[in-house]
Amino acid sequence: MTTVDLGTFQRISLFGGIYSNYLSLLKAMEISRSRGVDAMIALGDFGAFGPHPDRTVEILRASGIPTIQGNYEESLATAAEDCHCGYTDPSDNAFAQISYDYTREKTAVAHKAWMATLPPHLRLTIAGKRLLLCHGSPRKINEFLWETTTPRPFIEKLLSDHAADLIVCTHTGLQWQRFTGPGRGVVNVGALGRPANDGKPNVWFAILEERAGDVAVDFVPVEYDHARLAREMRSEGLPGEFVETIETGWWTTCLEILPAKERARGRF
Amino acid sequence: MNAQSCASSGFPIAPLFALDTLWFQVAGTLCNLQCMHCFISCSTTNHAHEMLTLADVKRHLREAEALGVKEYYFTGGEPFMNHEIFEILEETLCQGPVSVLTNGVLIRADTAARLKRLSDASEYSLDIRISIDGWNAATNDPIRGAGTFERILGGVRALASAGLNPVITVTEACEGAATQDGRTRFFDFLRSIGLPQPRLKIMPLLRIGAEEQRLRAYESWETLKGRELTPEEAGVLQCTGCRMVTSKGVYVCPILIDSPDAKMGETLKDTMRPFQLSHQACFTCHETGFSCRT
């Protein structure tokens, strides 16, 4: 598949995993418009974890913003039996399965068909730098790029292999950036649907913009009505562990994948 | 990127997609313990592979940097028997994340504090992985040696006190470890010894080395001869993304260092090519999707 090039931009918003958190999505879109962005782009994993997955998809489709396929969309579109999240621990997989089964059941057939049409990558230019947008990594939809396990030489290899200056990704749920030179590196935009395992209920997205001839990255905190999301999750019968994360900001499940340092920062 | 099907020999061929994981047999086959299930039969007197020096590691790190390696693993034998281990870890942590596989018995408070300082000084993760083969001395000691259970726990506690959270590795030599009940029991046990965020890795047995004598060797049918390798299967095999440096050269993976034909060259560049899955241990990796990575 040829990668679509969206063109050149001054300032864009990038939304990581939304995980059915349509309330934080609406808030992030509102913040983005107030910041005068000339594009918003969603990097995949629209469903999972949260309630009423179609609400998120309908907001995205109605807005017409460019979207990338995450492992969730890939799984839903191909009627896979699980989310291909990349976990290995059985208890993590059990929680992932609850989340996936709920989302699969609650996602309209027409939306699943739309998910099949989404590209795995998008390209665009800011400040003359070639940005490559993907879900996990440019080479694998469910590869985890964490801050403490994505070293500079490896980043340079990815950039060189994929003819890019800057790779923008999500999938891990934690935002970070590492630059190997001016406008060269990786930006993980974190997750818009789930807090960053830091004891605070807010979520995050990223604004990338041209500043002094270079690409500047702002991670933007999003305060939203998380109590309402928690209520809806409870009434949908989603696991109490998921609700606790939304309410407290601490991750409670699927922790086995975290590298040593990221794990040490959380409560569980 | 396509995995290849059977070569003329009848064994599938595993491509190397990218050299992501570089292993160092930093302590050779020299170990202060002599575990009954060790697939490379390490002991105090096994000099099949010698210790690596800081200079050896630096030479390969330079090559690894150019190849874009993603992560580094150090194993043995017992890595903390290597007198240059701290310098080696410090050098490597400048370049990427590091995992050290140890039996833990040489880790005391001062060792743990030094490791914590190395970890804090790096932007990358330092993971210490400790092997234990049971929930108590009665299950662990027959495999890892008399008195080792308490000595291993001493190392675990020293790390926990220093603020490091080791990954605990258990092999299936510990009966029931791989079941959901076994895992739960291990998680509870690890919490009880001072690891509030327990991290656990269960490993299958590799029926080579000392393990051949303990339980059994591979049966003749346990082979990949005549099998096809799908791209999905290839993507799971660790040898499609790793290589192992020992004092004798560079091998395909951490498991096959006692097989002369698994040595692929002297430099990493020599080994950037496919490997034929003709070894019986390849059967275990293929069947279980197992990787020595954490």
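At what angle do the axes of helix H1 (residues 22-34) of chain A and helix H2 (residues 53-63) of chain A cross? In this predicted model, the two axes cross at roughly 25° and come within 9 Å. Angles under 35 degrees count as roughly parallel, and H1(A) is therefore roughly parallel to H2(A). The crossing of this pair is left-handed. On the side of H1(A), the residues that meet the partner helix are Tyr22(A), Leu25(A), Leu26(A) and Met29(A). H2(A) answers with Arg55(A), Thr56(A), Ile59(A) and Ser63(A). Sorted by class, the contact of H1(A) with H2(A) has five nonpolar residues, two polar residues and one charged residue. An α-helix has 3.6 residues a turn, so residues three or four places apart point the same way.

For the 268 residues of chain A, a compact globule would have a radius of gyration near 18 Å, and the chain has 17 Å, which agrees. The C-alpha trace of chain A spans about 50 × 40 × 35 Å along its principal axes. Of the residues in chain A, 52% are buried. Sequence separation gives another view of the fold: among contacts in chain A between residues at least 6 apart in sequence, 68% join residues at least 24 apart.

Chain B can be described in the same terms. Its secondary structure has nine helices and eleven strands. With 294 residues, a compact globule would have a radius of gyration near 19 Å; the value for chain B is 19 Å, so the two agree. Taken along the principal axes, the C-alpha atoms of chain B fill a box of roughly 55 × 40 × 35 Å. Buried residues account for 49% of the 294 residues of chain B. Among its contacts between residues at least 6 apart in sequence, 74% join residues at least 24 apart.

Within chain B, helix H3 (residues 109-121) and helix H5 (residues 148-162) pack with their axes 8 Å apart, at an angle of about 45°. H3(B) and H5(B) are therefore oblique to each other, and their crossing is right-handed. H3(B) contributes Ala109(B), Thr111(B), Ala112(B), Ala113(B), Leu115(B) and Lys116(B) to the contact, and H5(B) contributes Ala158(B), Leu159(B), Ser161(B) and Ala162(B). By class, the residues of this contact divide into seven nonpolar, two polar and one charged.

H5(B) also holds Glu150(B). Is Glu150(B) buried or exposed? Glu150(B) is exposed because it has 11 C-beta neighbours inside 10 Å. Its C-alpha atom is separated by 32 Å from that of Ser247(B), a residue 97 places away along the chain.

Which residues does Leu224(B) contact, leaving aside its neighbours within four places in sequence? They are Phe11(B), Pro12(B), Leu277(B), Cys282(B), Phe283(B) and His286(B). The C-alpha atoms of Leu224(B) and Arg59(B) are separated by 35 Å, and the two residues are 165 apart along the chain.

After H9(B) comes Gly289(B), whose phi is positive, near 70°.

It remains to see where the two chains meet. The contact takes 15 residues from chain A and 18 residues from chain B. On the side of chain B that touches chain A, the elements that give two or more residues are strand S5 (126-131) and helix H6 (180-192). The residues on that side of chain B divide into four nonpolar, seven polar and seven charged.

Methods. Residues numbered from 1 in each chain as written. Chains lettered and ligands numbered in written order. Predicted model: local features only at pLDDT ≥ 70, side-chain atom pairs only at ≥ 80, totals over all residues. Contact = placed C-beta atoms within 7 Å. Helix = DSSP H or I, 4+ residues; strand = E, 2+ residues; numbered from the N terminus. Nonpolar A, V, L, I, M, F, W, Y, C, P; charged D, E, K, R; others polar. Axes fitted to C-alpha atoms, helices over the stretch in contact; angles between N-to-C directions. Parallel < 35°, antiparallel > 145°, perpendicular 65-115°, else oblique. Left-handed = near helix turned anticlockwise from the far one by under 90°. Rg over C-alpha atoms; globule rule 2.2 N^0.38 Å. Buried ≥ 20, exposed ≤ 12 C-beta atoms within 10 Å, placed from the backbone.
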